[in-house]
Amino acid sequence: PGAGLDPAVRTIADRWRDAIARLCGPDGVPSFEHTAFRFETMAPVDNGRWREPDAAAGIAWLAYAAWTRWEHPSHLETADRCLRSLERRDANPAYEILMPFGVLAAARMNAEQGRTYDIHKFLAWCFEPSSVRPGWGIIAERWGGYDCHGLAGSVSDGGGYAFAMNTFVTAGAL
């Protein structure tokens, strides 16, 4: 970001750092088994209907981007915590669009920081069906005689549909 945006971007990164610290267990790894996070109370939100654990991927990228800008150790630690949370998972945490950013963060941190995150597992989750939102992911079918392979969306909701922007964002991050 330009210098004029630095204070706002830094505040966002710092607030997410604080949120992740609140989500951490005794081992220092956060749980993302929630629907959202409420900054007013600094507590997770659970609506009892769905959870969005792929937030770990998005926040990992945000924190690592902050690290590359300001090199504050707490941002790098936040990115590591988020990626360790993903590494612990056996099942695909993708809710909608954030997993490609986890791949990007992990790949860059492996290359630039000497980490060893399992980018192959994270990348597979970008293309496999989600375990938290059944039917969501990358479409691998023909619909109405049209090749829809590679579009991001749902194969089950309302007979299936794809999102142009989700597709573009996935491709851009990867």
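Biologist: Where is the place of His149?

Modeller: This is a predicted model, and in it His149 sits in the loop between strand S5 (146-147) and strand S6 (152-154).

Biologist: What makes His149 count as partly exposed?

Modeller: Its relative accessibility is 47%. Buried would need a value under 20%, and exposed one over 50%. The 47% of His149 falls in between, so the residue counts as partly exposed.

Biologist: Which residues does His149 touch, not counting those up to four places away in sequence?

Modeller: Those residues are Ile139, Ala140, Glu141 and Arg142. With Glu141 there is also a polar approach: a polar atom of the His149 side chain lies 3.4 Å from the backbone oxygen of Glu141.

Biologist: Why is the pairing of the side chains of His149 and Asp147 called a polar contact?

Modeller: The cut-off for a pair of N or O atoms is 3.5 Å, with one able to donate a hydrogen and the other to accept it. The side chains of His149 and Asp147 are joined at 2.4 Å, which is within that limit, so the pair is a polar contact.

Biologist: Let's turn to the whole chain. How many helices and strands does its secondary structure come to?

Modeller: There are 6 helices and 7 strands. Starting at the N terminus, their order is α-β-β-α-α-α-α-β-β-β-β-β-α.

Biologist: Now the loops. How do you know whether Gly28 is buried or exposed?

Modeller: The relative accessible area of Gly28 is 14%. That is under the 20% cut-off, so Gly28 is buried. The residue belongs to the loop between H1 and S1, and beyond its neighbours within four places in sequence, Gly28 is in contact with Arg81 and Arg84.

Biologist: And what about Met42 and Glu71: where do they lie?

Modeller: Met42 is in the loop between S1 and strand S2 (43-45), while Glu71 is in the loop between H2 and helix H3 (73-87). Neither is a glycine, but Met42 has a positive phi of about 55° and Glu71 has one of about 50°.

Biologist: Why is Met42 called buried, and what makes Glu71 exposed?

Modeller: Met42 has 15% relative accessibility, under the 20% limit, so Met42 counts as buried. Glu71 has a relative accessible area of 55%, which is over 50%, so Glu71 is exposed.

Biologist: One last topic, the largest pocket. How much space lies in it, and which residues are closest to its centre?

Modeller: The largest pocket holds about 280 Å³ of space. Among its 19 lining residues, Trp16, Phe32, Glu52, Ala55 and Ile59 are the closest to the centre.

Biologist: Which elements each supply at least two residues of that lining?

Modeller: Helix H1 (6-23), strand S1 (36-38) and helix H2 (55-70) do, and H2 gives the most, with 4 residues. By type, the lining divides into 12 nonpolar, 4 polar and 3 charged residues.

Notes
Residues are numbered from 1 along each chain as its sequence is written. This is a predicted model: local features need pLDDT of at least 70, side-chain atom pairs count only at pLDDT 80 or more; totals for chains, interfaces and linings use all residues. Side-chain values use heavy atoms; hydrogens and water are left out. On a 1 Å grid over the protein atoms alone, a cavity is a set of points where a 1.4 Å probe fits but cannot get out, and a pocket is an open set with protein on both sides within 12 Å along at least five of seven lines; lining residues have an atom within 4 Å of a point. Grid points are joined across faces, edges and corners, and a volume is the space filled by probe spheres set on the points. Ala, Val, Leu, Ile, Met, Phe, Trp, Tyr, Cys and Pro count as nonpolar, Asp, Glu, Lys and Arg as charged, and the others, Gly among them, as polar. Buried means under 20% relative accessible area, exposed over 50%, partly exposed in between (1.4 Å probe, protein chains only). Contact means heavy atoms within 4.5 Å.
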